[in-house]
Amino acid sequence: RLDQSYKNKIYINYNYIHSNFFSFIKNEFEKKENGRLLYIDVKSTHGLIFRKKFKSNWRNKQKNNFDNIFGNLCIHYINLFLWLFDDIKLKNNYIENYSKINKDTSITILENKLKNKISIFLSYATVFSKEFMIYFTNSIYVYKNNNLYLLSPRDTFDNNRLMISPKAKLI
């Protein structure tokens, strides 16, 4: 029997929209100090395809594009961006086979109604990484290794008055 404290808190699939990180980011879109949203870059990778158990894994049973990394993983990010922006368009999608085992890598380009581009790079054929970079005109948010960083202000200079990257502030 499920404890009452968990009532209405079980989510199946499309869980990104319930994360603290994305709820925080959705609020940041409204803040004027960030400036205008320009671009979002998502990377999520791991070497699953090279594991012996992968041959019998459900992710390896491909009949169409929704049975490979695009349908298994990218669809969750598409749902997330629909939640963030209400309306997105698929501009391009590339699905590759680097492992020679199966279609294991995907690059997807989305566009929201404000013409902001969203790039999603996913791969079962490389080292583990999970990283989001969200570019505004005045700041950049970087989510990496379960940490969120803010790079701001845009106008940051060295001693020679040359532009440099602002120091990352852990949020």
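In what sense, parallel or antiparallel, do strand 5 and strand 6 pair, and over how many bridges? In this predicted model, strand 5 (residues 129-136) pairs with strand 6 (residues 140-144) in the antiparallel sense, over five bridges. The protein chain holds two helices and eight strands, and its elements follow the order α-β-α-β-β-β-β-β-β-β from the N terminus.

**Overall figures**

- Of the 171 residues in the protein chain, 39% are buried.
- Among contacts in the protein chain with a separation of 6 or more, 54% join residues 24 or more positions apart.

- Strand 5 and strand 6 make a hairpin, with three residues between them.
- Within this pairing, Phe132 has Tyr143 of strand 6 as its bridge partner.
- Strand 6 also pairs with strand 7 (residues 147-151), again in the antiparallel sense and over five bridges.
- Strand 7 in turn pairs with strand 8 (residues 168-170) in the antiparallel sense, over three bridges.

**The largest nonpolar core**

- The largest nonpolar core comprises 36 residues, and those with the most contacts inside it are Phe29, Ile40, Tyr77, Phe81, Phe85, Ile120 and Ile134.
- Two or more residues come from each of helix 1 (20-28), strand 1 (37-45), helix 2 (69-85), strand 2 (88-96), strand 4, strand 5, strand 6 and strand 7.
- Helix 2 makes the greatest contribution to this core, with ten residues.
- Beyond residues up to four places away in sequence, Ile134 touches Phe21, Ile25, Phe29, Leu37, Tyr39, Ile40, Ser139, Ile140 and Tyr141.

- Phe21, Phe22, Ile25 and Glu28 are the buried residues of helix 1.
- These buried residues line one face of helix 1, because they fall within an arc of 110 degrees when seen down the helix axis.
- The cover over the buried residues of helix 1 includes helix 2, strand 5, strand 6 and strand 7.
- Asn20 and Asn27 are exposed and sit on the face of helix 1 turned away from its buried side.
- Lys32 belongs to the loop between helix 1 and strand 1, and with a relative accessible area of 78% Lys32 is exposed.
- Although 106 residues separate Lys32 from Asn138 in sequence, their C-alpha atoms are 9.1 Å apart.

- Ser123 is part of strand 4 (residues 117-123).
- The relative accessible area of Ser123 is 3%, which is under the 20% limit, so this residue is buried.
- The side chain of Ser123 reaches the backbone nitrogen of Ala125 at 2.9 Å.
- Apart from neighbours within four places in sequence, the residues in contact with Ser123 are Ser44, Thr45, His46, Ile69, Asp104 and Thr105.

**Backbone exceptions**

- Most residues other than glycine have a negative phi, and most peptide bonds are trans.
- In the hairpin of strand 6 and strand 7, which has two residues between the strands, Asn145 takes a positive phi near 50 degrees.
- Asn146 lies in the loop between strand 6 and strand 7 and has a positive phi of about 65 degrees although it is not a glycine.
- Asn146 is exposed, with a relative accessible area of 65%.
- Lys115, located in the loop between strand 3 (105-112) and strand 4, has a positive phi near 75 degrees.
- The relative accessible area of Lys115 is 53%, over the 50% limit, so Lys115 counts as exposed.
- The peptide bond from Ser152 to Pro153 is cis, with omega near 5 degrees, and Pro153 lies in the loop between strand 7 and strand 8.

How values were computed
Residues numbered from 1 in each chain as written. Predicted model: local features only at pLDDT ≥ 70, side-chain atom pairs only at ≥ 80, totals over all residues. Heavy atoms only, no water. Pairing = 2+ DSSP bridges. Helix = DSSP H or I, 4+ residues; strand = E, 2+ residues; numbered from the N terminus. Buried < 20%, exposed > 50% of the residue type's maximum accessible area, 1.4 Å probe, protein only. Polar contact = N/O pair within 3.5 Å; in protein donor to acceptor, adjacent residues only side chain to side chain. Contact = heavy atoms within 4.5 Å. Core = buried A, V, L, I, M, F, W, Y, C linked by side-chain atoms within 4.5 Å. Arc of directions from axis to C-beta.
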